[in-house]
Amino acid sequence: MMQYHMYKRMLVISLAITLSVTMAMAEAVGTWRQYLSYSNITKIEPAGSKVYVLADGNLYSYNTATTEVREYNRMSQPALNGSYITHMAWVSATKKLVIIYSDYFIDILSNNDDVSFITGLRDASTYKDKTIDDVVVNGKYVLLTTELGILRIDTQKGVIEGKYNSMDDVPGMSEEGKETETKTGTYGTLYYDTTNKCWWGADANGKLTKYIEEDGGFVAASSGVRPDGPETSSCWKLYKHDGKLFVTAGAFAAGMAYDVMMSKGLVQYYDGDKWAVLESPGSMTGTDYGAANCMAFDPKDKSHFYVGARTGLYEYRNYKPVSAYNSENSSLPPLYNKNRTASVITSMAYDDSNNLWAMAGWCDNFINRFDANNQSESFTHSQFSFSDLTTVDIQGTFVSPTNGLMFMVNNYWSKPVLYYYDYKNDRLNGITSFFNDDGTNITPLYLFGLKEDSEGNVWVASSSGPFYWAKDNIRNGYEVFTQHKISRDDGTGLADYLLKNVSIRCMEIDAAGRKWFGTNGSGVYVISSDNNSELEHFTTKNSLLPSDVIYDILLDEATGTVWFATSKGLCSYQSDVTETYGNLSDDNVYAYPNPVAPGYTGDITIKGLMDGYQVTITTASGYVVNKGVCSGGSYRWNGCDQNGDRVASGVYMVLVSTNEGEKGCVTKIAMVK
């Protein structure tokens, strides 16, 4: 057992150096961030010295005088009130930009960066479609064409002040509308800027570019600009590897829109500072790379990994594509078992012998194994052949070290199956009827994925809510599932199933045993380790989630960052749970922010601990100001004493009592007021 060394670490207080270092290591607990794409320009509004740009549903501006590029979103100052913009219109009469979101919330942004909002359209109770078909500027007004009628916004007052049956009924329509003149350029629409006497449009890389007319055409007169961000807002599956976040932009999966399933292949990665796009394999399979669905990383060689896509399996070394596999050069079956070359790879996993298992969708013989030399073999199981091959979508594949089995699901409403596979002996079993321990049929329409907890229970993310297959039932082959019951505590003795009938698309389990459930329209639920309490319920209304439809969740236990792939983009949340350290020492424990600067009122987080450890924070003289129990690998302190008062300036000791009875100081925190 390691020993703690009281007062081993000497704390040097240097605000300029230490604060910058510790803040770079991690963010404050509760911090949200969005990662917005700006590569697909859909509207440009010249507005004097500013040019407003709508791209991928997000907004930025370019100042022609200062060359400043500025983002406008829910994190910016000023902060917008919504995510995913569908329309915008510049009103020169009042110098205001009208911003309309997909949920019909409306912001009005003045040219001096004040923001007001209008909720009337969003909150209107009606059976009619609220979709906005057209936006017209008319003097100080903006007219919205909807099934409800023509809605007129007074941008000076910031209200919807009238509804009309047609444009002919709108008073004052003789006023000049001030619409921006447009023409067609090489890379899309060009918008004329009457102030700067030029045209604005996109370049080949989707960046805002100034154009001038020359010899009957348009010539770029400036270098393109745009904020840094991902290449696309499309995100499907998330992976952490080699210190980077990888995001597949697929997905060829059941229930997804056709344009998403048929999208071009794209994987992006983020190193914490900059975004990059993984080099495309092009047409290595004889077909253009399409819909990147999943990834798998070689556990013995971090430079080696695979991308599974709609058009086959692609092998990478050192971030470069080196080989590709489909039905012509491997065991992978063709799409729909027909005379085609394309093989759809929907999920993958490595086993403990370093074999790659690639699951093919929309075909029979979906189980395929590639050894370390890329020799492949397909495994036939006729009992699970489907006559309707449009219903085969294998998701969530993982190898369980606890149970010695491989698990996966078929995610389709007409053929929902949970497979458990003895991959060493090629024995495949599948569960098609789902009963809980009360004998009730759970009847899920979709099985979206799987996750194993620390006890070896396998959780199922389904359209009927979460349930799990208990470890003992798995080992005994007893195909009965558990829907966790939460007592009502009202004297009736009744209980309710955990998140019953909430459609769960994905889940993550943190080091403290808490469950993070991503839903198909209800945001994210965070449930306590005993499954009895709802700790958080994040939605687009109380967080920076871009959408309440969550495709994937990834927890980076080294930092406590939780990543969410949503139907409208990527975001992250700084949680208070990080990985635990088997050999806890004062060399891997740190606090942030540290020193705590004057005016800081947030929580201070201590990382590098172990779940369940007793934490005591004292003054240098030994007076106890805070006590508690570590959750996961982190502990949060609000900077107050036990009476709730903010502590004074000074150095505070973080003392730990381990489960083995060892005690000692693991770090110190400097408070500066």
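1. In this note a residue counts as buried when its relative accessible area is under 20%, as exposed when that area is over 50%, and as partly exposed in between. The model discussed here is predicted, and glutamate 161, at 33% relative accessibility, is therefore partly exposed.

2. On the overall form, the secondary structure of the protein comes to four helices and 53 strands. The radius of gyration is 28 Å, close to the 26 Å given by the globule rule for 673 residues, so the protein is as compact as a globular protein of that length. Buried residues make up 55% of the 673 residues.

3. A search of the whole structure finds 23 salt bridges, and one of them joins the side chains of aspartate 113 and arginine 70, with 2.6 Å from N to O. Because aspartate 113 lies in the loop between strand E8 (106-110) and strand E9 (115-118), while arginine 70 belongs to strand E5 (residues 69-72), the pair ties together parts that are 43 residues apart in sequence. Aspartate 113 is buried at 14%, whereas arginine 70 is partly exposed at 24%.

4. Arginine 122 and aspartate 123 also form a salt bridge, their closest N and O atoms being 3.0 Å apart. Arginine 122 is partly exposed, with a relative accessible area of 27%, and aspartate 123 is partly exposed as well, at 47%.

Key: Residues numbered from 1 in each chain as written. Predicted model: local features only at pLDDT ≥ 70, side-chain atom pairs only at ≥ 80, totals over all residues. Heavy atoms only, no water. Helix = DSSP H or I, 4+ residues; strand = E, 2+ residues; numbered from the N terminus. Rg over C-alpha atoms; globule rule 2.2 N^0.38 Å. Buried < 20%, exposed > 50% of the residue type's maximum accessible area, 1.4 Å probe, protein only. Salt bridge = Lys/Arg side-chain N within 4 Å of Asp/Glu carboxyl O.
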